[in-house]
Amino acid sequence: MGNTPRATRRYSARSPLVGYLLRRLGTSVLLLFGVTVVTFALANLVPGDPIAAALGEGAASNPATVEAYIKERGLDQPLPVQYANYISGLFHGDMGTSLRTTQPVADDLAQAVPATVEIALLAIIVSLGVGVALGSLAAYRRGKISDQLVRVFSLIGLSIPTFWMALVSFNFFFLQLRIAPGSGRLSPALAPPPTVTGFYTVDSLLAGQWVTFTDALAHLMLPVFVLSLFTIGLLTRFVRTSVLEVLDADYVRAGRAKGLSGPRLLFGYVLRGASLPILTIVGLAFGTLLSGTVLVEAVFAWPGLGSYAYNSATSLDLPGVMGVGLVVGVVYLSINFAVDLLYGVLDPRVRLA
Amino acid sequence: MRTKFRYVAAAFGLTASLALAGCAAAAPEASDSIVIDTAFTLETSDPGRNYVPTGYMVSKALYETLLDFAGSDESTPVDGLASYESNDDATVFTFTLEDGRVFSDGSAITADDVVFSLNRVAGMTESKANFLMNGITVTKIDDMTVELSTETPSLKLPALMTNPSLAILNSALVIENGGTTDDSDAAEAFLNETSAGSGPYILDSINFESQVVLTENENYNGEEDIDFTRVVIRNVSEAATQKINLEGDDSQVAVDLSGDQVASLSDGINIFSTPSAQTIFLLINQSEEVGGVTANADFANAVRYALDYPALLELAGAGSEQATGVIPPSFLGALENGVEQDLDVAAASLEASGYDGESITLEYPNDYPVGGVNFTPLAERVQSQLADAGITIELAPAPFTTQIDSYVNGTEAFSIWFWGPDYADSANFLPFSAGQKVGLRAGWTAEQDTDVVNLAAAAENATNFDERETAFSNFAEALQQSGPFVPLIVPGSNIATASYIDGVAYNSTWTMDIAELQAK
């Protein structure tokens, strides 16, 4: 060791952690390239005529309109050239122009992604809090009535169709009880706050618009509640299983024998030991929340990534579909990358593997 | 154990706090505002490039056209920004602008604005609305008069001039912001942020995925007397959500409710149900190569008379009607009565057709309800009814985006499709003629039925409205007797509003005129 500072050694080019990071980064870049190839190929192989779908009956029967449309969007080029143009555009932040909205896909996604991230982030925080609490409770009280209740609750959360739950909760909390606001991200009388992050709650706070903040937060509640139910069910069951496994481990028994109990034992020993598998499932759940909110967004008229993906796919808006595919790919790769990093931080054996 | 419970309680506490935040916020009230929920089809707020329903609804509120329709009556155009006269040959139409009309910036509307606006659409070949100006020449006569001429008689031209795509723009303002009358036009970005028209509203803000906000045009001096000075049009794609929002007073108008949803609305909601301008029909291919046994008029006749139309209509909701022909009831030339089931005629026709019990595939889009009519139960009922008449049907559903290719390319032997007008005129239904676009999709060439071709030509070239109505009726009648199409249902259009709102009038192009909505 000598006098070499520890930090210098840890982050040098030869450090296992840096090497691990570079390997993971390289893999992610390759995977991202694969994602662009797959989304481009799939989007261009689906049956159907996107030009007719975009132009409609009247305009599509006008050869001059069709010709101008094709030429303007470069659709007359061979597919490899179109792909090369697409990749070249991506390097310049250009994801193409949506055939459906006629706006740049990047602009559309810049509005849709924050809307989805806002509910997904809140949903994963709520799910994590409730899921860990319930899962731990069930594990600690294995076989007792509280364990049974938690397991039934988690099963219900996993089993209820999200679309149905969204409609029922919207009807019940908004129409019957009148304690939740209507659909959308804000009440119609309010204007969106100046865009900084795209999160209405954060942006309204930054702008000092308290009424807008309260309204935006209120509109988040039902979608978050519905989205959380499934994830809570998933996490609860997973945490229960993981905690049960750890509870029987020697080091936990040793900790207990030393007189540790309560939060110190739970957070210092049990959850720490169970954290790796929980981390994996949280990462996957977050990815699913970000990319799979189509039905919830439809019910709550939430202008997010799910709605954009559905509308793009059903109208054969290929640039839109490719944009969504790319975003979802980046999201999953980023989450996997982050999870891998955390693995490396939590368990040094991983970075040496 | 008490400590463990504290953590569980904290988690529940967090959830409860968030829920309470939800309770704290209530939608602010604004009596002069109105919220309209609809499933968006919106691409631009440049009227010259617009060609989709929500876009038309927005354009109709922001801009005016030379002519208009009064309420739901789409049979005869009435004066809009101008009145018109035509020559006896119906080839020259002279429009005289109303005196004193101004744009939202206060500047006067002149013939130059009309010439620029119409020629801009004609010049933008990439615009979806460009075809509306095909064959029309625009000439300024004086500051308040414009002449539109065509080479052949065109009694559809007045109806075309009601289309919001042909709205009159403030030419000076649009030119200043990149507007031209050729393909170099670059005014769309400007028109997506600001309106440059003379309609009762101006554009406040627009988000193509979520909502459009309109506010009162304080310089408007037309005939509309608007009650709502602020209009929010929201994208609510799920009709069930539209219904709940309306019942919960979060919105005041719901545009896309199905017949079933309308039937279950709570008390105190106004419902405006009327037949739409869409026709759902069966296509029976007349090409032997494609259709095989279906490729003869007798087989089409057998299908036509084998069906129990009232039973099919049960699948549609409020406002729907049996299709009396390819032309829906609100249009010139629509037939009074539809075909009635006659199993004897069906049996005789089937025998004459040479059909020998072969299984025939019925194709249809299964993810694209039209006016609330889902094609899957409709196809199943058609299958059942035809089975009773001795025709064996095999169902072949597919998503709309994949199914439409084979329909457009004319490779379907037997299918269910729909047709809606691009503009409010019966000429929109002439493509059903032999040798025309829809006719060819059914393998029906001009040579196969020259009588129908001549009837279509007579309707197209009529030079007065009485002659035209008769010609269209004759065309529709001939199609009912010998065409390869079996019109089934004209689905309803259902617009529901809060109890204090009146003035809803369905229009096949712009759905409804927002400026006509009135508070009782």
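**Ground rules**

I worked on a predicted model, where local features need pLDDT of at least 70, side-chain atom pairs count only at pLDDT 80 or more, and totals for chains, interfaces and linings use all residues. Residues are numbered from 1 along each chain as its sequence is written, chains are lettered from A and ligands numbered from 1 in the order in which they are written, and side-chain values use heavy atoms, with hydrogens and water left out.

**Entry 1: chain B as a whole**

I began with the secondary structure and found 17 helices and 21 strands in chain B. Helices (H or I, at least four residues) and strands (E, at least two) are DSSP runs, numbered from the N terminus. Next I looked up the radius of gyration, which is 26 Å and close to the 24 Å of the globule rule for 520 residues, so chain B is as compact as a globular protein of that length. That radius is taken over C-alpha atoms, and the rule is 2.2 Å times the number of residues to the power 0.38. The C-alpha trace of chain B spans about 90 × 70 × 40 Å along its principal axes.

I then turned to burial: 57% of the 520 residues in chain B are buried. Buried means under 20% relative accessible area, exposed over 50%, and partly exposed in between (1.4 Å probe, protein chains only). For contacts in chain B with a separation of 6 or more, 70% come from residues 24 or more positions apart; contact means heavy atoms within 4.5 Å.

My surface figure for chain B is about 19300 Å², with 47% of it belonging to carbon and sulfur atoms. The areas come from the Shrake-Rupley method with a 1.4 Å probe, and for residues only the protein chains shown count as cover. On charges, I noted 19 positive and 77 negative ones in chain B, with mean positions 14 Å apart. Lys and Arg count as positive and Asp and Glu as negative, while His and the chain ends are not counted; a charge is placed at NZ of Lys, CZ of Arg, CG of Asp or CD of Glu.

**Entry 2: the seven-stranded sheet**

I traced an open sheet of seven strands in chain B, with mixed pairing and the order β8-β9-β10-β1-β11-β19-β12. At its edges stand β8 (201-206) and β12 (269-275) of chain B, each with a single partner strand, so one side of each is left without a neighbour in the sheet. Two strands pair if DSSP finds at least two bridges between them. I checked β8(B) against β9 (residues 211-216) of chain B: they run antiparallel and are joined by five bridges. One pair to click on is B:Leu203 and its bridge partner in β9(B), B:Leu214.

**Entry 3: helix α2**

How many of the ten residues of α2 (residues 53-62) of chain B are buried? I got nine, so this helix is largely enclosed by the rest of the structure. Among the buried residues of α2(B) are B:Tyr56, B:Met57 and B:Lys60. Their cover includes β1 (33-38), β2 (67-70), β8, β9 and β10 (230-235) of chain B.

**Entry 4: strand β5 and its partners**

In a regular strand the side chains alternate between the two faces of the sheet. I looked at β5 (residues 92-97) of chain B, where B:Phe93, B:Phe95 and B:Leu97 make up the covered face, and B:Val92, B:Thr94 and B:Thr96 the uncovered one. Five bridges join β5(B) to β4 (residues 82-86) of chain B in antiparallel fashion, with B:Phe93 as the bridge partner of B:Ser86. The two strands form a hairpin with five residues between them, and B:Ala90 in the turn has a positive phi of about 55°. Five bridges also join β5(B) to β7 (residues 145-149) of chain B, again antiparallel; there B:Phe93 has B:Leu148 as its bridge partner.

**Entry 5: single residues**

Most residues other than glycine have a negative phi, and most peptide bonds are trans. I logged B:Asp249 with a positive phi of about 60°, in the loop between α7 (239-247) and β11 (253-254) of chain B.

Last, I visited B:Asn170, in the loop between α4 (157-160) and α5 (171-176) of chain B. B:Asn170 is buried at a relative accessible area of 4%. Beyond residues up to four places away in sequence, B:Asn170 touches B:Phe103, B:Asp105, B:Ser107, B:Asp113 and B:Ala196.
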